[in-house]
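Student: Hi! Could you walk me through this protein chain?
Tutor: Happy to, let's take a look together.

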Amino acid sequence: MNYYRISAFRKLIYKRTPSYTDLITLYNFDRYLRDSLSRLLPGVEVYLKTSLARFLSTNYDNYKTPCSELPGGLVYLDNNIY
């Protein structure tokens with residue numbers, strides 16, 4: 001366990017003197033939530049990247065500047081989209 005994380009949890013509990021059990025319960029919940037989210041986030045990240053890449057490559061012709069002559073597959077090289 002991390003001392004600094006536990007000391008931050010102590011400030012979150014609104015009792016005057018939180019018990020050790022209260023702190024451990026809150027710490028365990030935080031660890032469970034972090035572990036659960038860390039398993040979900042890689043899939044969400046891949047989905048968002050894929051969706052953005054697909055959108056940009058299929059719709060690039062509608063949004064590109066007149067001076068840009070890149071094909072849709074090289075849309076990431078256009079500095080204007082950033």
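**A chat about the chain**

Student: What share of the 82 residues in the chain is buried?
Tutor: Buried residues make up 17% of the 82. Here buried means under 20% relative accessible area, exposed means over 50%, and partly exposed is in between (1.4 Å probe, protein chains only). Keep in mind that this is a predicted model: local features need pLDDT of at least 70, side-chain atom pairs count only at pLDDT 80 or more, and totals for chains, interfaces and linings use all residues. Residues are numbered from 1 along each chain as its sequence is written, and side-chain values use heavy atoms, with hydrogens and water left out.

Student: OK! How many helices and strands are there?
Tutor: The chain has 2 helices and 0 strands. Both kinds are DSSP runs numbered from the N terminus, with helices (H or I) having at least four residues and strands (E) at least two.

Student: Which residues are buried in H2?
Tutor: Those are Leu-23, Ile-24, Tyr-27, Asp-30, Ser-36 and Tyr-60.

Student: Where is the kink in H2 centred?
Tutor: On Ser-57, and the kink is about 45°. The bend at a residue is the angle between axes fitted to the seven residues ending there and the seven starting there.

Student: New topic: how many salt bridges are there?
Tutor: The count comes to 2. A salt bridge needs a side-chain nitrogen of Lys or Arg within 4 Å of a carboxyl oxygen of Asp or Glu. In one of them, the side chains of Arg-34 and Asp-30 meet at 3.0 Å, N to O.

Student: How far apart are Arg-34 and Asp-30 along helix H2?
Tutor: They are 4 residues apart, so about one helical turn separates them. Asp-30 counts as buried at 18% relative accessibility, while Arg-34 is partly exposed at 35%.

Student: And which residue does Glu-45 form a salt bridge with?
Tutor: With Lys-49, the closest N and O atoms being 2.9 Å apart. Both lie in helix H2, 4 residues apart. Glu-45 is partly exposed, with a relative accessible area of 42%, and Lys-49 is exposed, at 52%.

Student: What about the surface, which residues form the nonpolar patch?
Tutor: Among them are Phe-29, Tyr-32, Leu-33 and Leu-37, and the whole patch has about 960 Å² of accessible area. Patch residues have over 30% relative accessible area and no salt bridge; like charges are joined within 9 Å, nonpolar side chains (Val, Leu, Ile, Met, Phe, Trp, Tyr) within 5 Å. Accessible areas come from the Shrake-Rupley method with a 1.4 Å probe, and for residues only the protein chains shown count as cover.

Student: Is Tyr-32 buried or exposed?
Tutor: Tyr-32 is exposed, with a relative accessible area of 54%.
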